[in-house]
Amino acid sequence: MANSSNGENFPHSDFPPVFDVIVVGAGAAGLYAALCVPESLQVGLIAKDSLPLSASDWAQGGMAAAIAPEDSALLHIEDTLKAGAGLCDWEAVKFLAERAGQSVAALLELGVSFDRASQGDLALTLEAAHSRRRVLHAADTTGRAVVSTLSAQVLRRPNIRAIPGAFALDLWLNPTNGRTQGVVLVYGDRLWWVKAGAVVLATGGGGQVFSQTTNPSVSTGDGVAISWRAGAILRDLEFVQFHPTALTQPGAPRFLISEAVRGEGAHVVDANGYRFLFDYHPAGELAPRDVVSRSIFLHLQHLADGDRPPTDRPADPSERDPRERVWLDLRPIPAAKIRRRFPNIVQVCQKWGIDPFSQPIPVAPAAHYWMGGILTDLKGRTSIPGLYAVGETASTGVHGANRLASNSLLECIVFGAQLSQVEIEFPEGKDPCSASGTLTADELGDLDAQRATLRELRRALPHLVWQSAGICRGQAMLDTAIAQIETWQAEFCRQPLSQSLLHLTPARHLDLKLPEANRLLRDWGETRNLLDVAYLILTSAAFRKESRGGHYRLDYPSPLPTWQVHTLVKNRLWSTVPLSAAPGELSSDS
């Protein structure tokens, strides 16, 4: 079994600060990528928490694959392109759809137990914007089934060292050639400079930048933030998918009620029982996610008009008047089918006092998936040599402006498999860093006050981003929010802890003589990343002056042909590039 550590009170000699490949992130993308790296290479798998805690583990809907006789890769491609609102890259979508079958076979061989129909064939369900039943599932906990199986396989591989309780603070680049040569890692009571011949970022999305999100607490946009600071090219960061039906019971987390529920026949209704979605789109509940989310948002505004101004309404939808809420009614689905297909949804709803067999579930949209990310090619390579990205943190070109339901888990597997071709390089040898220093509490002033500042930023920032860059956006709101983020970034950088951590000596480990050092540095690093992610999303949303897919602007409510282009970000330069252009061909727009 591979070595692992809980990240606390371990001897320094037990941790090898050199790997052939470092994979940052332990969701489906990171786990599968680690398994696909050649077994002759030593892999360090970095996880902020225990291995199963990731957005993949929370995924309910399933994995799309055109494997039924009446389906085809071409139909899957067409559905993906249609959902992507004109910004999908054809070659990437084709690459994804044509490898779906072999990806399913690979997961079955590893031991993933997808549901079966009565005849023994793999069971397939319908989800929004799919033209055929092509979504595989394991009840309503598909992500958990996949991640738990992959985790077990990782722990059996002698070439993979799982390192839970570790946090990647930054990339470590070679100052001579700009190649990735490792990461700066907070692990235990030490800050490490860990060498690697290649680094794979698989850190998931950034949902925690929004106050209303279905994402787990670990989804703080780490991969996008650290790659941006290192100078990587990012793409289409304005495109965030807001899932239409997150649980909004007071006190409950924003638990996602799967797309598959509507695919099986559930209705979205207002307080009068009216199925209003057909007023906005002929497909009703089965319209693309961005349409359903925006329709719910606009309908709620319509219901509240004349009652009281929007500024007087609670930001938290669970606290609003029942007349200003919407509901997901599962009762059109046979009770036996609900119990068989959605046991986890039933369990969670009942935990929060809702009986889905006798009453509708209160729901509202919440940030769910980030279509934008680190620009990659079909092999997962980024614009920085030696740096790869896989999964939600990457922008492969598959999702365009709006992800087709259940394509994300497939993307993790298809593009994770490309790490079998990873290229490693140690231009300065594999000798580990030996220099070390110490950081003490006496050097950092009032740590309690700095912890309080971090807590306040973590509280205020998601509310600001939700209000200004949520489902509906506008220039004035975005400009105000960007100015506030820049003020907070300056305040953050003035903190004594920031002054120490922003000016580290390369290749010099740092022993942390601080109370709860690991927790403090993770909080600091996540807050820094969220500030950067907020700045990137807000500025990208202000840059794109049209509405398309997951990006909707009240002041530019229609898609424009001139904006059927990708937006690229490098450092603080925003540019556009045609869909047909190569990744490095930036236009002069800025």
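**View 1. Helices lying across the sheet of the predicted model.** Axes here are lines fitted to C-alpha atoms, taken for helices over the stretch in contact, and angles run from 0 to 180 degrees between N-to-C directions. In this predicted model, helix α7 (residues 222-229) lies across β9, β14 (373-375) and β19, and runs at about 45° to β14. Helix α16 (residues 517-543) lies across β9, β19 and β20, at about 55° to β20.

**View 2. Strand order in the open sheet.** The sheet is built from 5 strands in the order β16-β14-β9-β19-β20, and its pairing is mixed. Its edge strands, each pairing on one side only, are β16 (394-395) and β20 (573-578). Within the sheet, strand β9 (residues 234-235) pairs with strand β19 (residues 565-570) in the antiparallel sense over 2 bridges, and L234 has V569 as its bridge partner in β19.

**View 3. The largest nonpolar core.** This core comprises 86 residues, and I22, L185, V199, V209, F210 and L461 are those with the most contacts inside it. Helix α16 supplies the largest share, 15 residues. When neighbours within four places in sequence are left aside, V209 is in contact with L461, P462, V465, L530, V533, A534 and I537. A second, separate core holds 51 residues, including A47, A68, L136 and A162.

View 4. The structure holds 10 aromatic pairs. In one of them, the ring centres of F210 and F242 are 5.6 Å apart and the planes stand at 80°, so this pair is edge-to-face. The pair links distant parts of the chain, with F210 in the loop between β8 (190-201) and α7 and F242 in strand β10 (residues 240-247), 32 residues apart. F210 also forms an edge-to-face pair with W466, at 6.3 Å centre to centre and with 85° between the planes. Because F210 lies in the loop between β8 and α7 while W466 belongs to helix α13 (residues 447-469), this pair ties together parts that are 256 residues apart in sequence. F210 counts as buried at 3% relative accessibility, as does F242 at 4%, and W466 is buried too. F210, F242 and W466 form one aromatic cluster.

**View 5. Confidence along the chain.** The protein chain has a mean pLDDT of 91, and 91% of its residues reach 70 or more. Over residues 1-11, however, the pLDDT is below 50, and this stretch has 25 contacts in the model beyond near neighbours in sequence. Residues 581-590 likewise have a pLDDT below 50, with 16 such contacts. Where pLDDT is low, the predicted coordinates should not be read in detail.

Conventions:
Residues are numbered from 1 along each chain as its sequence is written. This is a predicted model: local features need pLDDT of at least 70, side-chain atom pairs count only at pLDDT 80 or more; totals for chains, interfaces and linings use all residues. Side-chain values use heavy atoms; hydrogens and water are left out. pLDDT is the predictor's confidence in each residue, from 0 to 100. Contact means heavy atoms within 4.5 Å. Two strands pair if DSSP finds at least two bridges between them. Helices (H or I, at least four residues) and strands (E, at least two) are DSSP runs, numbered from the N terminus. A nonpolar core is a set of buried Ala, Val, Leu, Ile, Met, Phe, Trp, Tyr and Cys residues joined through side-chain atoms within 4.5 Å. Buried means under 20% relative accessible area, exposed over 50%, partly exposed in between (1.4 Å probe, protein chains only). Rings of Phe, Tyr and Trp (its six-membered ring) pair if their centres lie within 6.5 Å; planes under 30 degrees apart count as stacked, over 60 as edge-to-face and the rest as tilted.
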